[in-house]
Each structure stands twice: as structure tokens, then as C-alpha cells.
Amino acid sequence: MKLLKSKYKYIACLLFLWACVLNVYSQTPDEQLTVTGRVVDQDRKPVAGVAISIQEDKTNKSVTTDADGRFTLAASTSDVIVFKYVGYLMVLKPAAEVSKGDIVLTKALIDAADNDNVYIPFGVRKKREVTATISTITTDNLPQIPSSSLTNVFTGRLPGLAIYPSGSQQPGYDVSSFLIRGRSSYNSNQEPLVLVDGIERDFRSMDLGEIESVSVLKDAATLAWYGMYSANGVIYVKTKRGSATSTSVTFDAQAGLQAPLQIAAPLDAYNYASLYNEASINSGGTAVYSPAALQAYQDGSDPIKYPNNNFVRDFTKRVAPTQRYVASVTGGNAFIKYYTLLSAYQQGGFYKGGHNDTYDANTDFNRYNLRTNIDLHVNKNLDVALDIGGRITNLTFPNAGTATFLSTVYSMPANAFPVINPNGSYGGTSIFTQNNPQAMLEARGASTDLVRNMMATLSARQKMDGILKGLTAEVFYAYDIAGLYRSGFSQQYATSELKADGTYTTYGTPVKVDYQANAFSGNIRKSEFWAGFDYNRTFGKHDIKFSTRVSRANYASFGSLDVRREGWSNRLSYNYMQRYFLDLTASYAGSENFAPGSRYGFFPAASAGWIISDEDFMKSATSFLDFLKIRGSYGLVGNDAIGTARRFAYNDFFTRSATGYTFGTGYTGVSGSGQLALANPFLTWEKAYKTSVGFDAKMFKQALSISADYFYEDRKDLTTASLLPSLLGQSLIYVNEGEASYKGFETGINFNKKIGGVNLNVFGNFTYNTSKILAINEGAGLPDYQKQLGHPISSVISPAATANTGAGYVSMMLISDGIFQSQAQIDASARQILSKDVKPGDIKYVDQNGDGVINDLDRVRTDFNFVPKAYFGFGASVSYANFDANFLFQGTSGRSITIQQLVNAGNTNNGFLNQFSADRWTPDNPGAPYPRLLLTDRGNNTATSDFWIRSGDYIRLKNVEIGYSLSPSFIKKLKIRQLRFYASGLNLLTFDKLGDLPIDPELPESGYNSSYPYMKIYSFGVNLKF
Amino acid sequence: MKNYKIYTAIVLLTLFAVSCKKDYLERTPGVALSEDEIFADPAQAARFADNAYNYVINKYVRFNDHRGCVAQASDEAVSGNSEGTVTTLNRGLYHDHSNGASLNDIYDIWKRMYAGIAIETKMLSRLADVPPAPPATVPIFQPVRVEGEMRFLRAMSYFELTKRFGGVPIVDKVYTVNDELNLPRSSFDEVTKYILADLAIAETKLGNDADYTTADYGRPTKGAVQALRTRVLLYAASPLNNPTGDKAKWAAAAAAAQKLMNGEFGPYALQATYGDILNVPTSSEYIMIRIKGNTPLAGEMMQDFSMSPGSGGAQGQMNPTQNHVDMYEMANGKGITDPTSGYDPQKPYANREPRFYDNIIYNDRPWQGRAIQMWSSPAGALDYSTTITYTATRYYCKKYWPEVYRTVGGSTTLLNYIYFRYAEVLLNYAEAQNEAVGPDATVYTQLVDIRKRAGILPGADNLYGLKANMTQDEMRTAIRHERAIELAFEDHRWYDIMRWKIGATTIGVPMKGVDVIKQTNGSFVYTPFVLSQTFQKTWTEKQNLYPIPRAEIYKSKGVLTQNPGWE
């Protein structure tokens, strides 16, 4: 706490200091001078008509060059002079340096203009020069959405990048995962490395306003720079920096409403009781609810004895508010450039009901982001950059637990108890002793998690032309800290049950509200250091760029040794005539995960590009083709995150923390010293051999651009089980004997055209991939139909454990053959012994090995996959006069989900009944989608099988935004540069193959069981620019 | 211009520093210990040895983390909520059981026993490397005792394997990863021989109870060695493992028990009371128990497993069957089927033998200050409803639910896991002697002692209800019956059924419960009924042995062979 506080003080001080520096610079008495000079092009020919202005000049004074390229301009020493000419690259020069020689304007080639920068690790290239596969999106093109997770904004925008929600969508969590291109490791989900300004940082909780661009690095040509840490690809986020050409202040305010996409619709008391009776009779019991009780549930005559609750209706809101405010200031001059942003975001929870004066237990998320990026031009050889980012998040949640509260609301039987008894006490029963949703919100306490993050980066670049022309040295240091502080109020409640004789039975002991013990956790300290040289030089038609860096990273958390990394990265780029490009990237990287002597690996990659459209034969051949670049890359990248092996798994060692054993009548435990899983000294990293071949083309006066890539990755040395017999009495850390691959293609298309007054942009992207397991250790005797070898890396996610299946990833299952309709059918089929009793209405399974019995030998390895075969996005943006609009559709195909944990949801207390139970098989409804209801002996109908698999394909209208800007002439009077009103929506429409099934294809369990629903968001905003 | 030279120097120096410190990634895991460090330190070596105890079976309700037990696989009880680890055994889906929840009786036992064996074998092989401990009143490391313990524990591990799988591979030395460890199964007799050899050495290394301080209570003694030996020999002589009916095997088992009964290893005796047999800190009857201190309410099994929701339990799923209940005799020692026993089907719980009241919770039993309510009609009984969290049979198990356990005002109590107690030795003797020699007086004596302690009335002939002059077959039935009652719910019945090969008549028969109707005058009507299909069990003769875990068979490329009948 103290540490954190002092850090913030420190940041505040620094900011203040920088502000002073800013003042000092502006207050230096400037010398007035008259700048004269000549502007020429590459061929030293004077250029006429070049617009010359002074940066940040309020008077908008501007001159143009004469026929000889000459100009004269009055300026002061602190000014920066800007030279602009259509088709040429912009030049900025400090006023004092202008008169020293000719100003050379360079003609901009296609994909090499001022805004065609592509950021690569510790470098920047013009798009034209890039030989690797990099997809980039700048945030100017993105809609503003008040969502706590940035990933929502990027879904479907970039070819080769799949983003899918993968966990709780509770405010402040919005868990989602990334996948670049495909999967080639069956040991992990292959989460890519996410870098923010070159450092591994959380990007989801940044504010969109902080980000300038997001690039996806996909092939070996760029990834080899990171050696052992980037085999899964890199998402490279670049934050905004100050501009030397304009000062602006912007303010954005957005307010929105979130509504659940799907949420459980529980059974009412009558239906619940009727179905319970049916299930009970099916299970060999008798009807539990009498006709009188059923009647009472229907007519609501006695809401205390026969309650009919709808907890979803009573304890959740249909919409919850969200809001976002962003202010930014950017600007600069010849010596300093700055970008500062402050944002506040709030996302309200959708719980309702209950009131406590001391706390509000409704979940609520607040986030404050601060960023200041400063670039200092100290002298003509030295540039220093200081970036500071801060983030504070505040998440409130009920102490009963989000999952507990939601599962109570979703799945508590409607007739369980009256929420409030006649005597004012909370309702409960002997089996639902602590399950009163109202009490959970107002008498169970609430906690707040306060997470504070500070991210700081300091870098310095020194030109060293005196030693070697074109040489610069750079030092780069980043230091991030984070900590979580939990505080709140504790409270306990009791519930009571009204007995037939008028007395109450009470469950639990109430405890008055009190402060709860505060707790710290998640304290993380991370530092990273990079240093090295860049050499950029052009010799006539030859252009060379070379970079080398050594790096070290240290990641420390409490209670364990800090994690370290080390590497040496190099990159050489060469091009001839801006037409033929060659890049060599190689790194030498080490990981502490491996034994001394085999700790460091060498990761080389080569890539090349050829702008074939610049060749004479092409120029004459096609008139519509403006630009065509062919490129390809091949290389090796490593991955040291090799699955669940323990740390230092190359080393055998013993722990003192083995479970204790008790001796003696004093019951004193002794601890044991246990041997950990056996080491594998030969353990090594996964080796990804990546191939990527593609092209970029521009046609029809650059209106249409297309990129496409074919990719193939072969990943070797995957860790796989050791196949040692258990007789060893020890488990062995994995062995590197696995191999898998993926291949596929991706394409992106963009059409830009101004038709009359209409600016039109249409875009789309599509990625297709398949994977294959090439080597995996499996038991030799395993039947062929149960082997994984040769199959894609595939599984469906079963997030909740059922009676017979564990949670997790499932790919082996029984194959179903509909539902038994008659006893004759059962008698004629293989014997199903998963439950004692099989009756009409139960699921029929295929006897895979023909032995007449359905057992675990009839499970089959399937290719159902939660990773889509194809994912895509398409959309458009249009602007006309003061109006603008854009939309994006996004979707997947070849993806499977399982609904087993939804249809079979429940527990013994609620009789496994839920809204889906209404569609159960009965003799009168033989075509029902789900088997008959049972309270017990449910093994047959809850076994993992393809009966529960559904298509996870969908196309979704991910977002729409419509804006209106007030006309500039009108707002000029208000001293405002821009005033825009806009309305936007997220997750608005979904098309899927699920029919009437009311679940979300992207995240089936959201809104059910114990999951927070996935939200659609409608918002309205205003954007002000000064 | 000078500036950049300084910067250059700094950058170069930094690079130099970075590139020279070659051991940046060398992270000696300082908190972890190497194998040599362990055995070079007597204290660590002692801890390594003690860790072996964690691999011994140490609780009754162990399936799926205290949600099922072998009593529910046998005819003693059913699982009220059809726990998967139990129903898979009930349905004969042993491979599903094996691969199911992480704590089960097949694959887990296989892995766990061999893991223990690896520790014990390693400790034995490194015994000589441990330096002498510095002098102290209580020595840190006693090599002699440790050797005895390791051999005893290894014998116990192999016994748990043979009990379930028959012959298993013998791992008799420390293997490393690179050794060929694809061993075939040894025969049951070979493994038994190996066990007895370990026990013979262990006996010479261990002391008696009297030799140990109270701080070492719970460690195996000479008595424990002998008790295990009687059990090993008894299993080896049993029909499953002794198809020719070799009487010498029975005689060896009887002789082993006899030695314990002679007091050679300590003054063991039946404790006076049966009802608290799991709940006392020490007992003259205990030969070896698992020490675990007081078990809290929400601990291992009670609240979530054996308690009625009416007393605050979450899942009253440990439900003894009517089959088991019917085995309890009357207080006069006569079976309820005996017309002269005085059994009244409408007052089924009156005048039963005392162990019935010690083991079973039944309708209208006074309990925790009230009467247990398990009637199905009229509605509203506290301890029964059709919801499956309540008992399926209208019985709860008292052995697993001590009376102090209740949600409001509940307290903790001891709930020991008994490895060996004296009554078992007596029963082992009786069974072996009856098979070897016949129902002689010494056989009678053991049963009489047990029944006397139980509180059965002596009767005029002082035989405590036993029939005089039984034939060998009659005596066998009597002994098996005595064992089922005396050792009920103590991890014996299921394995006894397997070794006696009597599954067809005990498991493969209808499982029953009793329906209770409360009359308006407050009396009850009891109607035994066959439980629903959910609770019925299947039996085929292959179930006398568990299948070897299939994954191990697959890995062995044909070296490991499966037990007969299992695919």
C-alpha cells in the first residue's frame, strides 16, 4: 500500500515536472529570424508550390515556394517548419536548421506515404518495405464502444486473428482469448504474446483512446525477434504519441445500456412441480406434489405455502448502465511532444433487489486510465521518451459470490420458498439454507477489489553519426507494477422455514454487518531492459537497416523466485531500388525452464518481397493494377511455455511441503519431504517452423486493395505424456516427442472510393485453417478409433462437470443414435449399462466395437472443435456531408459447442430441472429433442456424447455506429473544431444454426448455470475537439 | 559532440555487463532439495520416510473425495444420490470407475500403492547413506525402525494390490526413468511370498507398543506386522486364491493369529464397548490405526455424506440396506428368521442385538435430543423426503455419523481409520481354524468372546446364541455372519465377498429398503421393499478381481495381462 501510494506520488511529481519543462521551453525568449531556403526533389530539381508553414502557429501563416523552389519566412528559433506537397513525404525541420542547405522532398511511393508506418519490434517500416505478414488496424477506423474489454472492438477486424470470449463476462472480467491463425500445439490454447509498446502488458483493459494502432505479427519474419516467446504470434499495440504539427484537446462522453443477449428463463412453480412429479415417477418414485399443490401453484392462492417465484425477473435488471469519459491533450513543438489521456469508465451490474444502507452489493466496475507519453528532442543527437501509464480498477461484487448468486437466481426452483416469510425473515428450507437471493444482496456483505497498475517506460536514442554515419544507440527500460487490495463488508444471514404448525425452523446464524479483513494479493513487479544499436543508411539504390538488441526481463511476484528471460535479437533489412526486399531476423534466446547447457536456442528467419508491379513488363501488361507485391517467409520460432510442466522441470528435486502425517495421541503432524514429478533433463522448447507466402495488391487507382497469405506451421518437440508405467511410482515430466501442424489461408480486402460526396469504405477478411496431430504418445493398445494421431487438435469445451464427465476439453465421446422409442428397440440394441435401467425416452448409443455392450470402449475420438475452421468479418463505413455510419459483421464456421451442461444442468436439490426440461421425451412427444426426465440413475442420459453437440457457427452484427457532426461553420463560433454526436451498438443481431435454442453461439453457458450473461450494448456519445 | 561519446560508452558498458553475466538464467531453486541433500540430513531423511504413510489407504469414505465408499459397493449400503464412483462399481463398469473421479478404488489404488512402494524402496536403498543423528533423547532418525516401517508399508501396499487385482508386478529395486520397467505380473503366490518376506524382516526391526513413546503412537509395531500377516495368510487361503482348498494355507493363517492371541506381541484385548470403536484415542483393541485427530463436521465425510439433512447434513447418501439390517440378530443371539427369536416385523427395531444400535440409525430412534423421522406418509418427516438428498433406504449409518455431529451446536470427534483391531484377529483365527481343523472349541471361544463384548445375552448354554455342535459349513456361515456384523462399514465386507466368491448371493440379489408409514395414533407400519433400479447392483464372477487399469495394459504393449473376464 505504502509502496503503491508513493509510486503514485512519484508519478504525479514527474508529470508536474514535465509540465514545468514544457513551460520553460515556451517561455525561453525566442530569437526572431528570417528563414530562407530552397526546396528540391530527389533529383535535385527545384519544386514549386510547396506549402510551408510553422508548426502550431495560431495565425495559420503559410507561404509557397516559387518556380526556383525558393522561399522566405519569418519565424523564431523554437519553431518547427513544416513542408508539405501532394505526393511527397512531409518534412519537418527546426527553424534554426532550415537555412543550412536545400530541403529535399522525397516522392512518396505506394504504401510508403506519411501514414503508411508499420511498427515492428524496435523498428518502424513503411508498409511497402514489409516482407513479413503483418495486419494492422489504426484506431481511427474503430467504433467507440463503452465496453470494459477492448477485445470486443477488434473482433473480426483483422485477418488471421480470432478473438473469442472464453470465460466470465462479469463486469471487469469480460474474459476473452486470442488465437493467431490456428493451433499447432495440443498442450495449450496458444495465446499469443500481447505487447504494448514492446512490453508484455494487458491490453484488454486499456482505453481505446490510448491506442494508435494494433498489429498482428503472424509469421517467422517478425516473430523470430522474440525467439522463444512468440511462437503463438504477437499482438503489437502501439500507444498514441504527441504530434508536432497540431495541438488538440478532445473530449468524449458516452452513455450506454447493456442488455443480456441470453439469460435463463426459469420454470414457473406449476411447471416445475409437474415436471418434478414426472421425473420422480420415471425414477420409480411417486408424484411428490399433490394435485392440490399443483392447483395452488397455478392460482397463486397461497404464496407463502405455495410460492411461485421468478428469481430472474425479480433479481436481475433488463438493462444496466455503462458510461465512458475520455479527455486527451496532444501537441508539441520542436523540442517536446506529448500525449496525455485521462479516461473513466463505469459498467454497472445487472443485479437488483435488496437494500443495505452500508453497502451496495450489486456488482459494479469502475476503471480509470491515465497515460502520458512524452518525447523530448534534447539536442539534435539525443531523443528521450518517457511513457507513463496508470490504471486503477475498482470492482464491487457480493460476498455471496457472483457464481453462487447467479446460480441461485437462475436455477433455484420457483417454489423453493417465499423470499420473505410472513414474519419478515428470509425464506429458506433445510436444503436451501443459504440460498436466498435477496439476502445475498442485502445481508451477506460486499467486497471491492481495487487493482492499481503503473507502467513506465523510459528510452533514449543517441545518434552516433560521428562514429559511423547512420548509427544510433538505444536504451529502453520498462518497469511495471500492479497490486490488488480487497476490502469491504462482511455479514451473514439466517433463513427460516414456516412449518405446518405455525412455528419457524431457522437455518444459519445472522452476523451483523462489519468491516471485513482486508487482503493484498496479486502483487507483481515486472521490469524489462533492451539495449542495442540501429544502423540505417542508404547507398544510392541500396538501402540497409540493421538492428541489434540485447534484452533481459524479470517478472517477480510474492512467494516464488522471479522469472527471468534473456535474449539477443538481430534484424537486417536490405532493399534495392525500393523494389526488391530481403530481411533476415535471428535471435539467440534463453529460458530458465531448461537445463544448463541446453538453455539457449537460435531462431533464424528469412523473408523476401518483390514489388513486381514496378517491373517494366508488368507496367505495360496491366493498366488496372497499380501495385503488386509478392512476399514470403520461412523461419523458426520457439515456445518455452511447454504446458503444465512444473518450473525447473529439468531438475529433480524434493519439496518439504508434502502432506503431513500425524502420529501420537497429541495429534501433532509431521511433514514429509516428497519427491516432485521426475525431471526430464532433456526437456526443450517447442519449435515452430513457420512458412508464409502471400501478396499485396492495389488496383483501380488504389481504390481496391487485396492481401492474401497461405500459411503452414509445423511445430515439433511438443511435450507429450511419457508412457512410463505407473509401476515406477512416479510421474514423469513430459517428453518432447509430439508434433502437430496447421495450415490455411487468410485474406483481407479493402475498397475505398469517393463517389460524389460519399466517402465509401468496404472491407472484409477471411481466415481458414486446419490442424493435424503428427505425433503424440498414446497407449500402444489404444483402439484406432480412440487415437488422437492424425486428427485435428480438437475438442469441445465442457465448462461444468456433470455426473459422468469432468470439466474441460472433451474430444472422446459416445456416438448417439437418437432416442429409444420402445422397449422392442431397446431389446434389439446393444446393452447399455451406463444406468441400471434403460427405458424408452433414453438416448441410444452406437456399439462401436460390436461387443453388444455400451461401455467406455465405445467412445470415439471426434473432430468437434471449439476452434473454428474459418473466421471472418466484413463491414463498411460511409460518410456523406455531416453524416457518417459504419457497421461490422463477424462470424465463424466449422465450430462446435456442447449443450450438455445446459440441458443437464441442475443438482439433486432442484431435481435437475431447468427450462430445457420442458422439451423432454414423453410417450406423447416422441420427437422431443431431449431424453426423458430422471431424478436418479441418470448415467445413460448424461454421458458425454455427440447427442449434445451443436453447431457453433454464427454471423453476428457486431457493431453499428451512426454519427452526425455539426457543420464547421456553425461551431467555429463556439471555438470548437469538431462536435459530433453518435449512437452505437454492440452484438446487435445474431444469425446461427441453433434454431429455437435460446443460447448464445459464441459463449453457450453465458446467462446460464452460474455465468454472467454476455451483453449487447446500446450507447450514445458526443465527441468534442478543440 | 562530446555527449554521444559518453552515451556510447554507457551503452557499450551496459552491453558488456549484460553479455558477460552469463548466469543470469541460472536459478538455483534454493528452497528445493536434491535427493542427496535429503539423505545427508537425518531430519530430512526421517521426513522422507514419514511421507510414505501418505500413500497408505487412510479413510473409509475415499471415493471422489469423500463421496463414496466400498460399503456402498457391497451389500452393506447404497449411495443415496447415486454417486458416480459407486454406481460404476454397482453396474460392473469398472473401467469407468477406474478412469472416473480422481479418487477411486482401481486406478488410484494402483498408482498410489506403487508410488508408496517407490518411496519405501528408495528409503531402504539409501538407508546406509543417512549419517547418524546427533545424540538426543528422541533420536531424529532411527535406521532400524525406519527399515522396519518401510518394509511393513511396502508389504501393506502389495497386499492392497493383491487384494484387488490378484498377482501384480513386483518392483523390487529403485528404478530410474531410463530403466526398462515394463514388468510382467507375478502370480498371487509370488507376491504373497514377497510380502511375507518383507514382514519377516520388519518384525525383527520394529518394537512393541511398550517400546514406543506416545508421540510415536500410530506407527506400526510387531503386533501390526503380525496382524497384517494373519490377514495376508487368510486371503491367501481363501477360496479365490486357494482353488484347491489347501488346508495347510488355512493352518498357517490360524497359527499366525494364534501367536497374536498368545500375547507374544503385546497385551491386545477386546475393549469393553463396541459402540465407540472408531471414536476413542487409544484402545486395548487397536493394533494399528490411522491417527488423524478430531474430524470436523465439514471434514471428510459427515456433513456432505452421512448426515441426514434433517440434522443439517447436505447429502444423506450413506444408506445401509435392509439386506444388511436383516443380518442383525435379536438380543438373544438368534437370527430374525428363527421363529423362536421373538422378532416382530412390525416392531423390527425392538430387542435387536446391541451392535444394531451401534451401527444403524433407524426410524423413531432417539437421536440428538429428538426422534428420527423417516416416514414417507404423511409428508413432513424431518429425515426423509423423496428428494434424493435424503436416505433411500430409511437408514443412516451410525458408524459414520457420531451423534455429536449436527449443524447447530455440533462439535468434532474422533473418527479413526482402523488398520487392524483385535476383533479382526479373532475372526481371522476362527475362520482359518474352522477351515483347517473344523469347528473346535477354540473357534467357538473367539465368536463367544466377540458376541459377549457386543452385549448379546449369554443364554442358558453360555454360547451367546450360537448353535452348539455346528458342522464346519454351519460354522463357516456363522463366522462369515459375525464378520459382516462386527466389522460392518470398516472396509472389510466388499473384499471378503470377493475372496469368498459369494457375490452372486450377496451383491447380485435385490437391494432392499423399508417404507415407513406413520399412523394417526403415532405408531408405524414398516414395509420392506425392493429399491428402485438405481440402487440395484449387478454381479458377474469376473468381479472377484478388479481389472488392471486399461491405460497400463495399453502402455505395456502386451506385457501386462488382463484379469479373466475383463476386456
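This report looks at salt bridges in a predicted model.

Let's start with the idea behind them. Side chains of opposite charge can pair when their charged atoms come close. Over all chains, the count comes to 91 salt bridges. Three of these pairs are set out here.

| Pair | N to O distance |
|---|---|
| R391(A) and D202(A) | 3.9 Å |
| R486(A) and D449(A) | 2.6 Å |
| R394(B) and D515(B) | 2.9 Å |

Take the pair of R391(A) and D202(A), which meet in a salt bridge. R391(A) sits in strand β21 (residues 382-398) of chain A, and D202(A) in the loop between β14 (199-200) and β15 (211-217), so this pair ties together parts that are 189 residues apart in sequence. R391(A) is buried at a relative accessible area of 5%, while D202(A) is partly exposed at 34%.

Now follow R486(A) to its partner D449(A). R486(A) belongs to strand β24 (residues 471-492) and D449(A) to strand β23 (residues 445-463), both of chain A, so the pair ties together parts 37 residues apart in sequence. Here the arginine, R486(A), is partly exposed with 33% relative accessibility, and D449(A) is buried with 5%.

In chain B, R394(B) forms a salt bridge with D515(B). The pair links distant parts of the chain, 121 residues apart: R394(B) is in the loop between β7 (370-371) and β8 (396-397), and D515(B) is in strand β11 (residues 512-518). R394(B) is buried, its relative accessible area being 5%.

Which residues join into one network through salt bridges that share partners? Among them are E285(B), E329(B), R355(B), K399(B) and E490(B).

Notes. Residues numbered from 1 in each chain as written. Chains lettered and ligands numbered in written order. Predicted model: local features only at pLDDT ≥ 70, side-chain atom pairs only at ≥ 80, totals over all residues. Heavy atoms only, no water. Salt bridge = Lys/Arg side-chain N within 4 Å of Asp/Glu carboxyl O. Helix = DSSP H or I, 4+ residues; strand = E, 2+ residues; numbered from the N terminus. Buried < 20%, exposed > 50% of the residue type's maximum accessible area, 1.4 Å probe, protein only.
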